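Trainee: I have a model open. Please walk me through how to read it, starting with the strands.

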Amino acid sequence: EAINHFNHDMPDLIISDIKMPGESGLQFLEKVKSKFNDIPIIIMTAFSDLDSAVDSYAFGAYEYLPKPFDIDEAIKIIQSAFKSSSASEEDFSNSSQIIGSSAVMQNLFKQIGKLSKSDASILITGESGTGKELVAKAIHDNSKRNEKPFIALNSAAIPKDLLESELFGYEKGAFTGAANSKKGYFEEADDGTLFLDEIADMPLDLQAKLLRVLNDGIFQKLGSSTPIKTNVRIIAATHQNLLQKINEQYFREDLYHRLNVISIKLPALRERGDDILLLSNYFFKQSSKDLNTP
């Protein structure tokens, strides 16, 4: 009824819930944007999760408001929506498992949704165990690169003398034991996403080589002089303080700025009090399934 009404009385703005009788707010959003793309739509819900946030932005929502929201903040968003048209985005699917209903997690879901269309480098920070790789994978899964590889490398888990060959690959005979040529992670992740975990532990000499690849997209395998062009989206992560590492001259400042185009700080569990019961129930169900017992 609303969509038919828009044919002769076009609204300046739509605010819609997600959970409604009949069609959901997301189905409504999708139909409106297919016919009236210039109408800004604000989606609100009390049942927020990553799928809802990502889908809202993917279908072209101007903003996503999880309840309860601050009225003053909502008014600012509405005023802003009047001044600009929302841009439609591609339809992305989500395959990650990130659980949370707390305010800090709602902000994280919104960030992931907004980053779906971006190709910029991202630096994810947060304590160990906060889910940095999960977030990196969610960004990849909801991006235009989602059909290409997501390759993860932990800089702290690989011996420093092997890290370069893992990143860039090597030709046969490049060093003792190199019986065959091997593709590196940059080549394997071409057109996809390369997740560099614990980036703070990368040796300085390798940081310089990584910076060159980020600047011009070209690298060479060990034992080869042939340049290889690569198109890789970099997402880096660390639990350490990189600014302190820079001051101590353990990390290059220019590389930091090249990686930190967009930054995401993940909250620790103690900042997510509302999610503890939610997570506990999830892990109980997983254990119950694994053990085949109630």
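Mentor: Start with a pair. Strand S1 (residues 14–17) and strand S2 pair in the parallel sense over four bridges. Strands (E, at least two residues) and helices (H or I, at least four) are DSSP runs, numbered from the N terminus. Two strands pair if DSSP finds at least two bridges between them. Within this pair, Ser16 has Ile43 of S2 as its bridge partner.

Before going on, note that this is a predicted model: local features need pLDDT of at least 70, side-chain atom pairs count only at pLDDT 80 or more, and totals for chains, interfaces and linings use all residues. Residues are numbered from 1 along each chain as its sequence is written, and side-chain values use heavy atoms, with hydrogens and water left out.

Trainee: How far can I trust the prediction, and what is the average pLDDT of the protein chain?

Mentor: pLDDT is the predictor's confidence in each residue, from 0 to 100. The protein chain averages 86, and 95% of the residues score at least 70. Over residues 85–96 the pLDDT is below 50, yet this stretch has 39 contacts in the model beyond near neighbours in sequence. Contact means heavy atoms within 4.5 Å.

Trainee: Back to the sheet. In what order do the strands come?

Mentor: The order is S1-S2-S3, three strands in an open sheet with parallel pairing. S1 and S3 are the edge strands, each pairing on one side only. From one strand to the next, the twist averages 20 degrees. Such angles run from 0 to 180 degrees between N-to-C directions, and axes are lines fitted to C-alpha atoms, for helices over the stretch in contact. S2 and S3 run parallel, joined by four bridges. There, Ile42 stands opposite Glu63 in S3.

Trainee: Is S2 buried or exposed?

Mentor: Buried means under 20% relative accessible area, exposed over 50%, partly exposed in between (1.4 Å probe, protein chains only). Five of the five residues of S2 (residues 41–45) are buried, so S2 is largely enclosed by the rest of the structure. Check both faces. Ile41, Ile43 and Thr45 are buried on one side, Ile42 and Met44 on the other.

Trainee: Glu63 is charged. Why does Glu63 count as buried?

Mentor: Glu63 counts as buried because its relative accessibility is 9%. Glu63 lies in S3 (residues 63–66). Not counting residues up to four places away in sequence, Glu63 touches Ile41, Ile42, Ile43, Tyr57, Ile77, Lys110 and Lys114.

Trainee: Now the helices. How do I describe a packed pair?

Mentor: Two packed helices are described by the angle between their axes and the distance between the axes. Take H3 (residues 50–58) and H5: their axes come within 8 Å and cross at roughly 35 degrees. Leu50, Ala53, Val54 and Tyr57 in H3 meet Phe109, Lys110, Ile112, Gly113 and Lys114 in H5. By class, this contact has six nonpolar, one polar and two charged residues. Ala, Val, Leu, Ile, Met, Phe, Trp, Tyr, Cys and Pro count as nonpolar, Asp, Glu, Lys and Arg as charged, and the others, Gly among them, as polar. H3 also lies across S2 and S3, running at about 155 degrees to S3.

Trainee: Which residues make the contact of H5 with H6?

Mentor: Leu108, Ile112 and Leu115 of H5, with Val135, Ala138 and Ile139 of H6. By class, six are nonpolar, with no polar and no charged residues. The axes of H5 (residues 103–115) and H6 (residues 132–141) come within 8 Å and cross at roughly 40 degrees. This crossing is right-handed.

Key
Left-handed = near helix turned anticlockwise from the far one by under 90°.
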